[in-house]
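Here is a short briefing on one protein chain. Keep the structure open and find each part as it comes up.

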Amino acid sequence: MQHEICLITMDRKLYLAPLPSTVHNVLDIGTGTGIWAIDFADQHPAASVVGMDLSPIQPSWIPPNLKFEIDDYEQAWTYSHKFDFIHGRMLSGSIADERRLFKQAYDNLQPGGWFELMDFSFPVRADDGTMRGTAFETLNNKLIDGLDAIGRDGALADQYKTLMDETGFQNVTEVKYKWPQNHWPKDKRLKDIGQWNMVNTLDGLHGFSAKLCIQVLGMMPEDHAQLLVASRKDVMNPRIHAYWSIVVAYGQKPLA
């Protein structure tokens, strides 16, 4: 579902970096279900694509030019070749050492290769104050507190461009989008994105909040459950003009 939201957001494009017509080696870090890697491999049959993730949740029926590897992208990469494109999406909250990750991506690219990340920057917010005082605002604040407690920055995506610049990438570009939390916008395209995002959020609300709220912050399970009940009502309320801040950043390794 989240993959479809990303496609709608980027006009059905899988990436924004100006890749050449032919790429040979591509790496997708934190590939998750592998759907991005599968689509990329289908669209680029001449490329050899690797999807890396800690969880073996990818399908077995995949394009012949794609393989999945169970590995931690924050550990040392041991590939025998360099990549033309390294991609990552929705890694927010899982990156412990961002400078090491960006340097590792840089070192594993061919000269002229591209690195691109698409991510969500916490918290969900509303520019007009309609989220203020809501249960969903409380939940977002707790998620930020939980991430802080384990040394993770939920708003790290806002630093991606700076990190790419500091690592040595050139032609660094940042593009920002908004994902409405439900169908509240008048604009049809944004309304469609909001409808998809509402369903996606409701589906994942317990999964991405339980560990941080209960295990990290020490909330009682029943208190967490009550907060989710109230938050789900806020997520569906079109009078609350909340949105996710989405960042896409990409940069190129210099040719020399």
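The secondary structure of this chain comes to seven helices and seven strands. The model is a predicted one.

**Overall build**

- The C-alpha trace spans about 50 × 40 × 40 Å along its principal axes.
- Buried residues make up 50% of the 256 residues.
- Take the contacts between residues at least 6 apart in sequence: 72% of them join residues at least 24 apart.

- Strand β1 covers residues 25–29, and five of its five residues are buried, so the rest of the structure largely encloses it.
- Asn25, Leu27 and Ile29 point one way from β1. Val26 and Asp28 point the other way. All of these residues are buried.
- β1 pairs with strand β2 (residues 48–53) in the parallel sense, over five bridges.
- β1 also pairs with strand β4 (residues 83–89) in the parallel sense, here over four bridges.
- Ile29 stands opposite Met52 in β2 and opposite Gly88 in β4.

**Helix α2**

- β1, α2 and β2 together make a right-handed β-α-β unit.
- Trp36, Ala37, Ile38, Phe40 and Ala41 are buried in α2.
- Which elements do the buried residues of α2 pack against? They pack against α1, β1, β2, β3 and β4.

**The nonpolar cores**

- In soluble globular proteins, nonpolar side chains tend to be buried together.
- The largest nonpolar core here has 49 residues. Those with the most contacts inside it are Leu19, Val26, Phe40, Val49, Phe85 and Trp179.
- Several elements each supply at least two residues of this core, among them α1 (2–9), α2 (35–43), β5 (109–125) and β6 (170–180).
- Another core, of 27 residues, lies apart from the largest one. Its members include Trp77, Leu163, Met164 and Val172.

**Cysteines**

- How many disulfides does a search of the whole structure find? The search finds zero.
- A disulfide is a covalent bond between the sulfur atoms of two cysteines.
- Cys6 has a relative accessible area of 1%, so it is buried.
- Cys213 is buried because its relative accessible area is 0%.

- Where is His81 found? His81 is in the loop between β3 (66–70) and β4.
- His81 is partly exposed, with a relative accessible area of 31%.
- His81 and Asn25 are 56 residues apart along the chain, and 8.3 Å separates their C-alpha atoms.
- Gln215 is found in helix α6 (residues 188–216).
- Is Gln215 buried or exposed? Gln215 is exposed, because its relative accessible area is 63%.
- Gln215 and Val23 are 192 residues apart in sequence. In space they are 43 Å apart, C-alpha to C-alpha.

Notes
Residues numbered from 1 in each chain as written. Predicted model: local features only at pLDDT ≥ 70, side-chain atom pairs only at ≥ 80, totals over all residues. Heavy atoms only, no water. Buried < 20%, exposed > 50% of the residue type's maximum accessible area, 1.4 Å probe, protein only. Core = buried A, V, L, I, M, F, W, Y, C linked by side-chain atoms within 4.5 Å. Disulfide = S-S within 2.5 Å. Pairing = 2+ DSSP bridges. Right-handed = clockwise from strand over helix to strand, strands pointing away. Contact = heavy atoms within 4.5 Å.
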